[in-house]
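Me: Hey, can you walk me through this structure? I've never looked at it before.
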Amino acid sequence: MLSGGGGGSGGGGGGAGGGGGAGGGSGGGRSPKPSFVSYVTPEEINLTEKEISRKEKQPDLLQGEVIFCSASPIRKCTQDDFSQRGIFGSLFCTNFRISFISDETQLEEEEGQVFKNKLYGENDIPLTCVDNIYRGFDEKKKLITSGSVRNKYPSKIIIHCKDLRVFQFSLAFAKEEDAKKIFQGIVHHCLEPKSLKCIFAFSYSEKMTFSSENQTKLKTVMFDSMVDWAQEMKRTKGNCKLVSANADFNISTKLPQFFIVPLAVSEEDFTQFQGKGIPIWCWSHHSGCALFKTASLPLMQEDGCSQSYRTYMERMLNAVAQNHLYSVKTEELPETLPTIQDIQQSYNKFKQFFLVDNTTEFWMSDVKWFSSLENSGWLDIIRQCLTKAVEVVECLENENTNVLIMEEEGSDLCCVISSLVQVMLDPHFRTLEGFQSLVQKEWVAGGHHFLDRCNYLHKDKELQSPVFLLFLECVWQLLQQYAPAFQFSETYLTVLSDSVDVSVFSTFLFNSPHHRATTIQPVSLLAQKGPLNLPTVWDWSVQFNSAAQDFFTNPLYVEKSRQDKVPRKTFRPKHQRHQSLPSTAFKSSPKKSFFKDETDSLKKMLRVKRISRWLNPTDLTQSTTREFYEAWQRKPLDYHGLLLPCVDGPALRVWAQRYLRWLPEVQIFGGGAMTLEKKLVDLLAEVRELRGKLDWHCSVDFSHRGAAALAGSSVRLSSAFPFFVSRTWSFKPAIPSCLQKNLITGTFADKEDEDSECLGVI
Amino acid sequence: MAEIESCFVFNASTKQSIFLCFQASNESLKMELLADVPLLPGEERVIGKYKDIIYICPFNGPVKGRVFITNYRLFFRSVDVDPAVTLNVPLGVISRVEKMGGASSRGENSYGLDITCKDMRNLRFALKQEGHSRRDIFDILFRYAFPLSHGLQLFAFLSQEKYQENGWTVYNPVQEFRRQGLPNDQWRITFLNNNYELCDTYPTILVVPYSASDEDLRKVATFRSRGRIPVLSWIHPENQAVITRCSQPLVGMSGKRNRDDERYLDIIRATNKMTSKLTIFDARPNVNAVANKATGGGYEGEDAYQNAELVFLDIHNIHVMRESLKKLKDIVYPNVEESHWLSSLESTHWLEHIKLVLSGAIQVADKISTGSSVVVHCSDGWDRTAQLTSLAMLMLDSYYRTFRGFQVLLEKEWISFGHKFASRIGHGDKNHADADRSPIFLQFIDCVWQMTKQFPTAFEFNERLLVAVLDHLYSCRFGTFLYNCESARDANEVKMKTVSLWSFINSDRASYINPFYTVEFVHVLYPVASMRHLELWVSYYIRWNPRIRQQVRKGQICSSSTHLLGSTSQDHICILQLCQRGCTSVKMRSYCKMGFNGVEMLLYF
């Protein structure tokens with residue numbers, strides 16, 4: 001399998017000094033000690049001579065990682081390089097990543113790399129992280145699609161990554177066959193459809209043993225056992241039924257092994273429509289009402305089934321209603337929210353603003369930045385999701401009605417909305433472990449089609465959509481509005497969003513718990529050992545050492561002090577019955593709720609009209625939600641209570657850390673949010689120390705998470721820290737090159753001599 | 001190791017959040033409590049209480065209440081609304097008062113007054129048609145909001161406020177130049193303008209090249225608009241590169257040349273051996289500079305100034321900026337544009353202008369730090385020039401980023417060098433449509449705010465200081481921003497008869513300190529002048545809107561830090577314990593001292 005490129009095999013360890021020197025020289029301009037070779041342009045160097053003198057460096061391979069092909073010398077063009085000449089090195093393609101190894105000694109790299117990812121370095125691109133590959137010629141670029149590659153290869157390839165990095169490699173200096181091989185290799189492994197078993201995680205975990213003790217150490221609740229669900233229900237004081245009938249996926253392959261339903265749902269109901277239409281419990285409000293989600297049934301069909309669908313749906317609605325005060329509101333999410341294709345399209349437009357190939361292009365786009373941003377619609381999609389979540393929160397918090405959210409599969413927007421609702425309502429999910437448990441509960445166990453949505457296998461582009469990222473975006477908006485309420489930091493969210501595309505973690509590899517179980521199982525039968533033990537993303541030690549993990553905690557987080565920790569409010573009876581008269585419930589009142597004894601009339605209603613929207617018309621929704629928000633806003637802000645996002649235009653922002661971190665033009669050297677964080681961490685450490693000195697009796701733990709990493713480091717901070725540490729601490733400012741010249745608004749151009757009029761004073 | 005002393009204040013009070021539509025400058029001073037309204041010393045009531053007036057709050061609808069007017073402010077307090085809605089508007093912020101509705105007006109609340117303010121809000125009051133209450137209020141408001149148009153004095157001259165510190169001593173030009181290492185063998189201090197004879201809009205003390213004689217200066221003055229000759233603003237302590245400022249040369253249509261001016265600029269160039277070519281930054285767009293030739297102005301031609309390179313910075317004039325802010329107000333007040341917020345924001349061009357000003361200043365700072373001297377001018381050298389030099393100095397010199405240094409910067413580059421505050425703001429002047437009005441200073445403060453956002457630990461002062469400066473730019477309570485130039489201030493004895501804003505600010509230093517200020521040894525701070533990083537200053541421009549929660553991040557952080565550090569009472573206990581045990585550490589002692597002194601928790605590190 002290992003097919004080292006022609007140039008690759010020779011070098012070995014010999015001639016380190018001389019070879020290194022020559023290699024460095026050919027790097028052009030970046031060699032620390034200029035030698036006579038430095039003045040020779042790379043083109044002039046005889047390739048064969050180079051080959052001999054080159055010291056071949058290889059990437060440090062992970063367990064189970066094999067090199068497919070390699071080529072050298074390859075020039076990596078860097079954006080922050082003023083000489084624009086780039087660095088020379090070798091390019092590798094393995095079963096995990098595309099890796100560029102520089103010929104230069106990377107001394108600088110070691111220093112200041114507090115935030116090093118153990119799996120891949122800054123010059124590595126995990127195969128699943130590749131978003132698009134372009135062939136570059138002149139100043140233009142052309143998208144390469146799978147199958148379009150024949151025998152030719154471009155002199156330059158541009159790789160856009162899903163984590164927004166942009167790489168440019170020039171293949172022009174490598175031997176023709178090597179260049180061809182590496183190009184075809186990269187294109188093949190990054191763009192062609194493949195099978196799940198080719199994903200690196202499987203070769204990786206075969207060789208690696210992720211001790212289950214590692215997993216048990218995690219406090220993250222995985223929601224893969226009865227106990228987890230039972231405890232969650234207990235924690236939220238829910239009063240529903242835990243079902244284990246699907247433990248072997250006998251009921252449905254779409255449902256998780258264990259799930260919770262309203263008490264009134266019977267055993268027979270499960271099997272009727274392969275699990276569709278079953279209201280799955282998400283979370284219980286302290287008042288007793290709860291949030292449910294379901295994969296909705298196609299009610300409108302006029303075939304024979306429709307009748308049984310209807311009666312079935314009525315029964316399910318009834319069951320939900322019985323959970324608390326005979327109230328239910330249902331919401332068909334796709335009716336008011338964008339489709340997954342809309343989300344994908346919008347994000348495609350949006351991300352282009354950050355995948356910038358050169359400085360000129362950057363400043364060109366800067367002029368129309370706000371309107372381009374608006375045109376992408378991405379912020380608007382975030383706004384819609386947040387608003388929808390606030391509506392659901394309003395129902396639970398204000399009206400104490402049960403809510404059932406529905407969607408065809410029940411695993412895309414349902415996941416977004418249900419998890420957002422829980423983040424807003426339940427401070428537990430704003431802690432690090434709580435948040436991770438939430439992702440396990442709603443997304444992993446909830447059967448979000450990670451594999452399809454991420455399109456790791458390059459099969460169906462139609463199914464690809466950054467739904468999970470959308471959720472993280474929404475959480476980020478909440479985080480930046482109410483920073484002290486979250487235990488995790490912006491950096492944590494950014495890293496989590498990156499981890500989705502690393503293809504090592506079981507968390508994001510499957511379409512459902514069933515898919516996961518069936519994928520893992522056969523291997524174990526053949527190999528006669530336990531089921532494959534794929535690492536979960538929550539085991540952060542796979543990617544980061546503990547110092548780097550300190551960046552995940554938010555120094556602003558206000559932990560709940562002991563005396564504040566009152567038990568959750570117990571059931572607060574709210575006599576709502578009189579509020580909603582059935583006669584008005586369906587016609588005019590936006591607040592629909594119904595009684596059990598009204599089931600007959602309900603049935604009639606159902607036959608003519610499907611209960612879909614609870615709040616109608618939309619204007620009404622907006623005004624009540626607005627009132628709800630304003631009423632909440634007037635109360636003093638409690639970071640351990642309900643949080644509602646402000647969704648007004650100026651409040652929603654671009655996740656600068658995630659999207660701007662790689663752009664050299666916008667690095668704020670010596671500034672950025674991280675400088676504030678560092679200061680805060682320093683202050684906290686100092687206060688703790690003072691406290692420690694004050695209190696003789698109490699032994700104070702001097703180390704604070706987050707303090708260790710930042711306080712000691714003498715790293716120069718910038719707005720891209722910790723992701724991007726600039727080697728060339730540039731004292732050169734970025735000066736906008738393309739300023740809009742047509743700002744003169746009409747009549748004032750000729751009035752320049754404003755100042756030349758008479759001075760009125762003295 | 002030397003102790004780095006910086007003071008931290010965690011203001012736990014949340015008093016401000018109580019008020020919905022309330023004046024932000026929260027003056028908890030020794031105000032005389034008179035009839036439940038605190039009055040400043042020297043403030044007098046000019047109109048009795050008017051009942052039955054309705055404030056049409058754009059956010060909460062009409063609120064019934066009482067209003068009364070003093071020679072300093074308009075005060076409104078609601079009746080039977082809880083919490084009470086209050087308005088506390090210094091008359092100085094009023095730009096225009098108009099009657100709305102007439103005798104025939106029928107609609108509810110259609111008869112009353114419409115007040116346009118300079119601080120991004122409008123106020124509407126509805127009155128009863130009976131009686132003459134509207135006429136009375138209108139006349140009084142008109143008279144006292146625009147005292148200069150009615151032969152009255154500005155409130156600053158009536159105020160009897162007393163402060164411990166005399167803010168007029170904050171800036172001493174000789175001292176400031178000495179701090180910069182001046183005079184030296186290349187630059188001298190001249191008192192040639194002592195009687196404002198050389199240039200009536202310049203300060204009395206100027207720094208000029210050592211080898212230029214007084215006679216040379218006089219000759220140069222004839223060739224520079226209003227005699228505003230190139231003089232030194234700032235000198236780099238190491239490479240000796242200088243920022244000099246001036247007005248445009250009087251080239252005119254015929255393309256006149258002046259040997260003295262040319263020689264003078266070359267002398268400036270020669271003061272720094274590293275400068276082979278002097279860079280002249282003309283703040284204007286090229287076309288505007290050309291257009292100015294028609295009125296006798298122009299720019300330095302290539303032929304005439306051989307050892308200089310001219311760079312146009314494309315910053316637009318006062319009229320463009322005024323219109324831009326007007327558009328901005330339209331989209332944020334009273335309601336924030338909803339459907340197309342971002343494109344509306346873009347169409348105001350406000351941030352675009354901010355970007356241009358900042359990137360101009362970056363270019364100036366960059367030239368200086370690479371060791372070459374620059375000359376900055378626009379048309380008259382008191383608007384864009386002041387923006388550019390002061391911002392560049394803020395980037396280059398960490399002193400100006402301190403609490404004191406910033407005051408010095410404003411006093412020096414803006415006030416003493418004759419930014420026409422009176423004309424641009426229109427203090428006490430009824431002519432609201434005056435073409436001379438323009439938010440140039442606001443734009444500068446916005447640029448400073450953008451910098452504080454990008455470098456949250458680099459500035460010793462906080463956002464509140466910037467807002468307070470802007471509030472009192474209009475309020476006419478202090479003499480600091482009155483009049484167009486030093487000579488006018490002298491003639492009106494401003495320093496004698498009024499209180500300085502800095503007296504007020506420095507008496508409450510703690511409120512304006514950034515707790516996260518870190519003394520850095522990096523000299524130059526280059527902000528990023530990209531739209532990606534520029535944002536609208538929501539907590540200033542949209543501060544009247546209660547829906548936009550005052551998301552002052554620093555405020556949030558402060559309050560949360562208070563939590564983190566433990567409640568005040570706990571700390572006091574700690575401090576008590578500490579003192580009982582006779583802690584010896586200097587650090588700890590100061591910690592104690594500060595802890596005891598303030599009601600607010602102060603931490604001294």
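Me: Where is Tyr196(B)?
Reply: Tyr196(B) is in the loop of chain B between strand S11 (187-190) and strand S12 (206-209). Helices (H or I, at least four residues) and strands (E, at least two) are DSSP runs, numbered from the N terminus. This is a predicted model, where local features need pLDDT of at least 70 and side-chain atom pairs count only at pLDDT 80 or more, while totals for chains, interfaces and linings use all residues; side-chain values use heavy atoms, with hydrogens and water left out. Residues are numbered from 1 along each chain as its sequence is written, and chains are lettered from A and ligands numbered from 1 in the order in which they are written.
Me: Is Tyr196(B) buried or exposed?
Reply: Tyr196(B) counts as buried because its relative accessible area is 16%. Buried means under 20% relative accessible area, exposed over 50%, and partly exposed in between (1.4 Å probe, protein chains only).
Me: What about the phi of Tyr196(B)?
Reply: Tyr196(B) is not a glycine, yet its phi is positive, about 60°. Met120(B) isn't a glycine either, and has a positive phi of about 70°. Met120(B) sits in the loop between S9 and strand S10 (122-126) of chain B, and it is buried because its relative accessibility is 3%.
Me: OK, new topic. Which residue does UniProt list as "active site"?
Reply: In an unreviewed entry, UniProt lists Cys378(B). UniProt positions are given in the numbering used here, feature names are shortened, and annotations may be inferred rather than shown by experiment.
Me: Where is Cys378(B), then?
Reply: You'll find Cys378(B) in the loop between strand S17 (374-377) and helix H10 (384-396) of chain B. Cys378(B) has 0% relative accessibility, so it counts as buried.
Me: And what is Cys378(B) in contact with?
Reply: Leaving aside neighbours within four places in sequence, the contacts of Cys378(B) include Cys246(B), Ser247(B), Asp282(B), Arg284(B) and Asp383(B). Contact means heavy atoms within 4.5 Å.
Me: Which feature does UniProt place at residues 348-394 of chain B?
Reply: The unreviewed entry has "domain: Tyrosine specific protein phosphatases" there. Residues 348-394 of chain B are 68% helix and 9% strand, and the end C-alpha atoms lie 27 Å apart.
Me: Let's switch to the nonpolar cores. Which residues touch the most other members in the largest one?
Reply: Those are Phe471(A), Leu391(B), Phe406(B), Phe441(B) and Tyr541(B), in a core of 263 residues. Helix H14 (residues 378-399) of chain A gives the most to this core, with twelve residues. A nonpolar core is a set of buried Ala, Val, Leu, Ile, Met, Phe, Trp, Tyr and Cys residues joined through side-chain atoms within 4.5 Å.
Me: What does Phe441(B) touch?
Reply: Not counting residues up to four places away in sequence, Phe441(B) touches a set including Leu410(B), Trp414(B), Val469(B) and Phe481(B). There is also a second, separate core of 35 residues, with Ile205(B), Val208(B), Ala221(B) and Ala304(B) among them.
Me: Which other residues touch Phe471(A)?
Reply: One of them is Ser419(A), which also touches Leu438(A), Glu442(A) and Trp443(A), again not counting residues up to four places away in sequence. Ser419(A) lies in helix H15 (residues 413-425) of chain A.
Me: Last one: where are the cis peptide bonds?
Reply: One joins Phe721(A) and Pro722(A), with omega about 5°. Another goes from Tyr333(B) to Pro334(B), with omega near 0°. Pro334(B) lies in the loop between helix H7 (318-332) and helix H8 (341-348) of chain B.
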